[in-house]
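Dear colleague,

Please find the structure below, which I am passing on to you for your records. A short account of the findings follows it.

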Amino acid sequence: MSTDAAILVRRPSGPALTAQEIADVLVPVSDPLTAPWHHRVGTDGSKFRIRLSADPGDLAGPAVAGPPGDGQRDYDCFIHVSIYWTTEDTDDSLGSLRAFCRSLVAELHGAWPEAESAFEVDDAYSYRILPELSEGVVDLRLGSEAPLTAPGFSLVEAANRAASGTGLVFTEDEPGRHLAPSEDAGDSVTYTVSSRAEGLPFAAGARSGAAAVDARQLDGFTERLLAELARHTAGADLACWVNDRLYRYEVELTPLG
């Protein structure tokens, strides 16, 4: 089991994000590339080490919507996260690491809604990809290795609660409609989603009608939905498409605290 994680972040257009800009959000220090490690405490009390890198060799990450077979793309900054120690109450160090990384990614997207990110824990990637929209149709797919813990739990109902105030209204949809066989997936992100879904089939689907939404509204909606799903699922995967383009993919949901 890994005790390390990798976060990659990029701004798709305009000037690249600098390590100093990212440090100002995550670990406020001057000249962050010179110090080997910075420390932060997670919401569960565990302590983590963070190292930033702008070395070109660290910046190649999973491709998104590139040509078929194009397995990598360049990001702006690499963030290495390592468990320093966990609390006595933490019996799932991998889940704690994944939740901590998800909280860091949420901070990065709070600062730069236009950013794209990928983070890897234990050989499984989660993605957040910039949507291009003024109006969106949102598709959700949920897969879990264990039954949903809440009797009568409904992805549609959870999505509609999370979407309150956004104009998005969800109804039930076919879970496998978006997924091609992994061998037909063109870029490394869609390959990841398809290959994981072959072993962990999506069990529930929801689709919204068209609504005028922007990136911040989508981020708020998905954060609220993830918080609820993490309470009612056991290590579930959630995939979210906007206008038939993958927007967010979260692996093995764990509570943020």
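Predicted model: local features only at pLDDT ≥ 70, side-chain atom pairs only at ≥ 80, totals over all residues.

Where is the place of Asp31? Asp31 lies in the loop between α1 (19–26) and β2 (38–41); helices (H or I, at least four residues) and strands (E, at least two) are DSSP runs, numbered from the N terminus.

Residues are numbered from 1 along each chain as its sequence is written, and side-chain values use heavy atoms, with hydrogens and water left out.

The mean pLDDT (the predictor's confidence in each residue, from 0 to 100) of the protein is 83, and 86% of the residues score at least 70. Confidence is lowest in strand β5 (residues 72–74), with a mean of 72, and highest in strand β10 (residues 170–172), at 95.

Most residues other than glycine have a negative phi. Asp31, however, has a positive phi of about 55°. Asp244, in the loop between β12 (237–242) and β13 (245–250), also has a positive phi, near 65°. Asp31 is partly exposed, with a relative accessible area of 44%, and Asp244 is exposed, at 51% (buried means under 20% relative accessible area, exposed over 50%, partly exposed in between, with a 1.4 Å probe and protein chains only).

Ala124, in strand β8 (residues 124–128), is buried, with a relative accessible area of 7%. Not counting residues up to four places away in sequence, Ala124 touches Phe119, Arg196 and Val251 (contact means heavy atoms within 4.5 Å). The C-alpha atoms of Ala124 and Thr192 are separated by 8.3 Å, while the two residues are 68 residues apart along the chain.
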